[in-house]
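Please look over the sequence and the model before reading on.

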Amino acid sequence: MELYDVMRTTFAAREFNADPLPDRILYEILDRARFAPSGGNRQGWRVIVVRDPATKAQLAALAAPAAKRYAAQVQAGENPWNSVDPTSVSAGTIDRTPAPARLTEPVKQAPVVLVVCVDLKFVASIDQNLPRVGVISGASIYPFAWNILLAARHEGFGGTITTLAVAEEPKLQALLGLPAHVAVAAVIPLGRPVRPLTKLKRASVSSFATLERWGGPPLAP
Ligand SMILES: Cc1cc2nc3c(=O)[nH]c(=O)nc-3n(C[C@H](O)[C@H](O)[C@H](O)COP(=O)(O)O)c2cc1C
């Protein structure tokens with residue numbers, strides 16, 4: 001596929017048909033994805049390939065608590081799980097809010113689930129001493145995760161980066177035998193999408209790029 005076509009059409013696939021995703025193609029996908037950048041080229045990524053239905057069910061169950069809070073905050077008009085504005089939603093409301101099936105079912109339904117991990121011993125977390133949530137560490141793993149989805153798209157497969165289960169990371173580590181210094185970056189259900197892509201909805205460049213400073217003139221076409 002042409003690069004710009006792949007970039008414009010790699011959507012978040014959450015429903016899959018019964019087609020298998022054999023190890024041969026999975027290997028090919030990861031063989032492409034491994035050319036992603038990482039800080040200092042340390043390549044701290046590790047991937048657990050999950051096909052066991054029982055493990056998939058547990059991964060889905062571990063996403064449910066965060067999915068409940070996510071849905072409750074959306075219903076309250078908040079940006080869910082943001083680290084800046086405290087939530088106004090009570091624990092009771094979160095408890096009573098069901099976890100949306102679209103946030104838990106894909107992991108159960110997909111023929112393969114990749115648990116994309118990063119060994120934090122290999123990551124230069126430059127912002128670790130700042131008084132805000134860390135963002136730099138993710139830059140050493142999400143280009144790799146995204147490359148997986150780009151390569152999958154090229155092979156006729158699709159999936160979604162999901163992160164809700166990571167709120168329960170100690171349980172994920174116990175489930176998969178991960179050492180404490182290995183973080184889970186994403187749980188990616190992968191398979192043959194049921195529907196072809198829909199047109200991706202994204203804001204225009206002028207809405208997010210400004211000249212010279214925050215609040216400066218928008219970058220125009
Ligand atoms: C860091 C990150 C976390 C995400 N977490 C989830 C998730 O937990 N569950 C889910 O269904 N989608 C998740 N997504 C997928 C986004 O919802 C999706 O990329 C976005 O809605 C755009 O979808 P589209 O490309 O189909 O337009 C996540 C995406 C990113 C980049």
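Predicted model: local features only at pLDDT ≥ 70, side-chain atom pairs only at ≥ 80, totals over all residues.

Visitor: Which residues surround the ligand?

Guide: A residue is near a molecule or strand if one of its heavy atoms lies within 4 Å of it. By that rule the ligand is surrounded by Phe11, Ala12, Arg14, Leu103, Thr160, Ile161, Thr162, Thr163, Leu164, Leu200 and Arg202.

Visitor: How many residues of the shell around the ligand are nonpolar, polar and charged?

Guide: Ala, Val, Leu, Ile, Met, Phe, Trp, Tyr, Cys and Pro count as nonpolar, Asp, Glu, Lys and Arg as charged, and the others, Gly among them, as polar. The shell around the ligand divides into 6 nonpolar, 3 polar and 2 charged residues.

Visitor: How far is an oxygen atom of the ligand from an N or O atom in the side chain of arginine 14?

Guide: A polar contact is a pair of N or O atoms within 3.5 Å; within protein, one must be able to donate a hydrogen and the other to accept it, and residues adjacent in sequence count only if both atoms are side-chain atoms. The backbone also takes part: a polar backbone atom of isoleucine 161 is 2.9 Å from a ligand nitrogen, and a backbone N or O atom of threonine 163 lies 3.1 Å from a ligand oxygen. For the side chain of arginine 14, the distance to a ligand oxygen is 2.7 Å.

Visitor: What share of the area that the ligand exposes alone does the protein bury?

Guide: Accessible areas come from the Shrake-Rupley method with a 1.4 Å probe; for residues, only the protein chains shown count as cover. Taken alone, the ligand exposes 640 Å². The share of this that the protein buries is 61%.

Visitor: Which residues form the aromatic pair, and how many degrees lie between the planes?

Guide: Rings of Phe, Tyr and Trp (its six-membered ring) pair if their centres lie within 6.5 Å; planes under 30 degrees apart count as stacked, over 60 as edge-to-face and the rest as tilted. A search of the whole structure finds 1 aromatic pair. The pair is stacked, with 4.5 Å centre to centre; its members are tryptophan 45 and phenylalanine 144, and the angle between the planes is 5 degrees.

Visitor: How many residues apart in sequence are the parts that the pair of tryptophan 45 and phenylalanine 144 ties together?

Guide: Helices (H or I, at least four residues) and strands (E, at least two) are DSSP runs, numbered from the N terminus. Tryptophan 45 lies in strand β1 (residues 45–50) and phenylalanine 144 in helix α6 (residues 142–154), so the parts tied together are apart in sequence by 99 residues.

Visitor: Is phenylalanine 144 buried or exposed?

Guide: Buried means under 20% relative accessible area, exposed over 50%, and partly exposed in between (1.4 Å probe, protein chains only). Phenylalanine 144 has a relative accessible area of 2%, so phenylalanine 144 is buried.

Visitor: Over the ring of which residue does the charged end of arginine 192 sit?

Guide: A charge sits over a ring if NZ of Lys or CZ of Arg is within 6 Å of the ring centre and within 35 degrees of the ring normal. One such case is arginine 46, which lies over the face of phenylalanine 122 at 5.3 Å from the ring centre. For arginine 192, the distance is 4.2 Å from the centre of the ring of phenylalanine 157.

Visitor: Where is tryptophan 81 found, and what is its phi near?

Guide: Most residues other than glycine have a negative phi, and most peptide bonds are trans. Tryptophan 81 is found in the loop between α3 (53–75) and α4 (91–96), and is partly exposed at 38% relative accessibility. Its phi is positive, near 65 degrees.

Visitor: Is glutamate 212 buried or exposed?

Guide: Glutamate 212 is placed in the segment after β4 (182–191). Its phi also has a positive value, near 70 degrees. With a relative accessible area of 81%, glutamate 212 is exposed.

Visitor: To the side chain of which residue does the backbone oxygen of threonine 93 lie 2.7 Å from a polar atom?

Guide: The residue is found in the loop between α4 and α5, and is buried, with a relative accessible area of 6%. The polar atom 2.7 Å from the backbone oxygen of threonine 93 belongs to the side chain of threonine 97.

Note on methods
Residues numbered from 1 in each chain as written. Heavy atoms only, no water.
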